[in-house]
Amino acid sequence: MSEGSNTVGDIIVASHSGPLAGEVIVPGAKNSVLKLMAATLLADGRYLLTNAPVIVDVDIMADLLTAVGLRITFHPAPAGEVGQHIEIVNSGAITPVAPFELADRIRASVNLVGPLLGRCGEIDIALPGGDDFGGRPIDMHLRGLEAMGATFDVTADGIIGRASRLQGADIDFDFPSVGATENIVMAAVVASGVTTIRNAAREPEIVDLCNMLRKMGCRIEGIGTSTLIVTGVEHATLQSVTHEVVTDRVQAATYVAAVAMCGGTVHVARAVAEHMGMMLSRFTDMGIAFDISPDGITATAPDRLTAINVATLPYPGVATDYKPLIVAMLSVAQGVGIVTENLYPGRFRYVEELSKLGADITIDGHHASVRGVEHLVGAPVVAPDIRAGAALVVAGLAASGSTEIGDVFHIDRGYDDIVGRLASLGASITRKRLTA
Ligand code: UD1
């Protein structure tokens, strides 16, 4: 993203496309890189994060970290790589106060709480923002840190936390929260003693974070399982590292959804099939054929998708972030598919927009019943959040005529050049700059 760009008014125009062909290279994951950036608070030195996506949330996290004292420089990826390199210098001069207007803009700002409390013994931060899926509480984050000795004053605007030195604790989550697991891990690596987290989340992005922390010298066992055992060390013994961000499985699935809806065969390079196991299995049930290789996955669309029933679950289940894509695909599939949302009951706001394209969707509580139609028809729509915005782009390519997608700034938060990547596959798609 160019500095100072104002993309609020931009639109994406997606016109009927297909079949798609060629290769798209997927960069690193938003949901990993933001946490890796936060982890650089823990130890002094110079870090390099490679394969980082060029997305607005990275810019916001960079501004947040700059405000608390880190120095951040972006470098274009060298030839043969995608995304960008993020160089972060931590000189040790950290002020644990995160400006309200920045913290309020991304969910991952909450990931500063663990490392800053662990490193500085205090934190003053706004309540996190991010996509609005309804209530997104952080009680598990705070309860876990309280078990480690922290105290919090929570007001309508923000959180002030204090701890002398955090103490290891036994923490049993009643739900495997991604953010709470990350926060507790980042606090525990510099706490005194051993912290055991049971029912921990085990998404590939958490594994990525734990792997980077381990390279820094942190002591973490059970990585990739639901029990993490963290033995704290003095932060001064940790070192800065170079780390490659894990591939974004949701961006990868977006290009699979595009070929599934538009027809054709596309190679999604760098997609890690192992991280997408359940999703690929459900996509296969819908009729998509996959060729898996160490370099990525090749997806071939069927003549028409077949409807399936899907429920979102914590990893290794089908992630809630895939759901808008699945609903878009079901909207043109043969038959009726029921999609059950188990993480964010309010995460169906894009259904109204898909309906404007002619999708036949009925919501009942946290279930969506999607009856496939023969064709979607282009119409003006608005992106309500990151993933839903991408789903509307993909649906627009499958619809007849043209679909104008507004509020593109949501998509920019998590997608690295979705327009350029889809166009390179032969899609008819452009972006109109409406910058004042
Ligand atoms: C992360 C991802 C988001 C993804 C989600 C689930 C980032 C920046 N965001 O969000 O894209 O959709 O994982 O895969 O990485 N909960 C509580 N109390 C808490 C914490 C969570 O009740 O203290 C609930 C939430 O309201 C939600 C569920 O637990 O219903 C899952 O939340 P969580 O796994 O924490 O998601 P995030 O880390 O916010």
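## Buried and exposed residues

A residue counts as buried when its relative accessible area is under 20%, as exposed when that area is over 50%, and as partly exposed in between. In this predicted model, Arg119 has a relative accessibility of 14% and therefore counts as buried.

## Arg119 and its partner

Side chains of opposite charge can pair when their charged atoms come close. The side chain of Arg119 forms a salt bridge with that of Asp44, with 2.7 Å from N to O. Arg119 belongs to helix 4 (residues 113-120), while Asp44 sits in the loop between helix 1 (30-39) and strand 3 (45-52), so the pair ties together parts that are 75 residues apart in sequence.

## Other salt bridges

The whole structure contains 20 salt bridges. One of them joins Asp285 and Arg282 at 2.9 Å, N to O. Both residues lie in helix 9 (residues 277-285), 3 residues apart, which is about one turn of the helix. Asp285 has a relative accessible area of 41% and is partly exposed.

Arg304 and Glu374 also meet in a salt bridge, at 3.6 Å from N to O. Arg304 is in the loop between strand 16 (296-300) and strand 17 (310-311), and Glu374 is in the loop between strand 20 (367-371) and strand 21 (381-382); the pair therefore ties together parts that are 70 residues apart in sequence. Arg304 is partly exposed at 26%, whereas Glu374 is exposed at 60%.

## A buried threonine

Thr195 is part of strand 10 (residues 194-198). With a relative accessibility of 0%, Thr195 counts as buried. The side chain of Thr195 comes to 3.4 Å from the backbone nitrogen of Ala169. Beyond its neighbours within four places in sequence, Thr195 has contacts that include Met148, Ile184, Leu228 and Val230.

The chain is divided into domain 1 (11-26 + 247-432) and domain 2 (30-237). The contact involves 27 residues of domain 1 and 23 residues of domain 2. Together the domains bury about 2,100 Å², of which 51% is on carbon and sulfur atoms. Tyr315, Tyr344 and Arg413 supply 30% of the area that domain 1 buries against domain 2, more than any other three residues.

Between the two domains there are 2 salt bridges and 7 residue pairs in polar contact. The side of domain 1 that touches domain 2 has 9 nonpolar, 6 polar and 12 charged residues.

Note on methods:
Residues numbered from 1 in each chain as written. Predicted model: local features only at pLDDT ≥ 70, side-chain atom pairs only at ≥ 80, totals over all residues. Heavy atoms only, no water. Domains from an automatic or database assignment. Contact = heavy atoms within 4.5 Å. Buried area = accessible area lost by both parts, 1.4 Å probe. Salt bridge = Lys/Arg side-chain N within 4 Å of Asp/Glu carboxyl O. Polar contact = N/O pair within 3.5 Å; in protein donor to acceptor, adjacent residues only side chain to side chain. Nonpolar A, V, L, I, M, F, W, Y, C, P; charged D, E, K, R; others polar. Helix = DSSP H or I, 4+ residues; strand = E, 2+ residues; numbered from the N terminus. Buried < 20%, exposed > 50% of the residue type's maximum accessible area, 1.4 Å probe, protein only.
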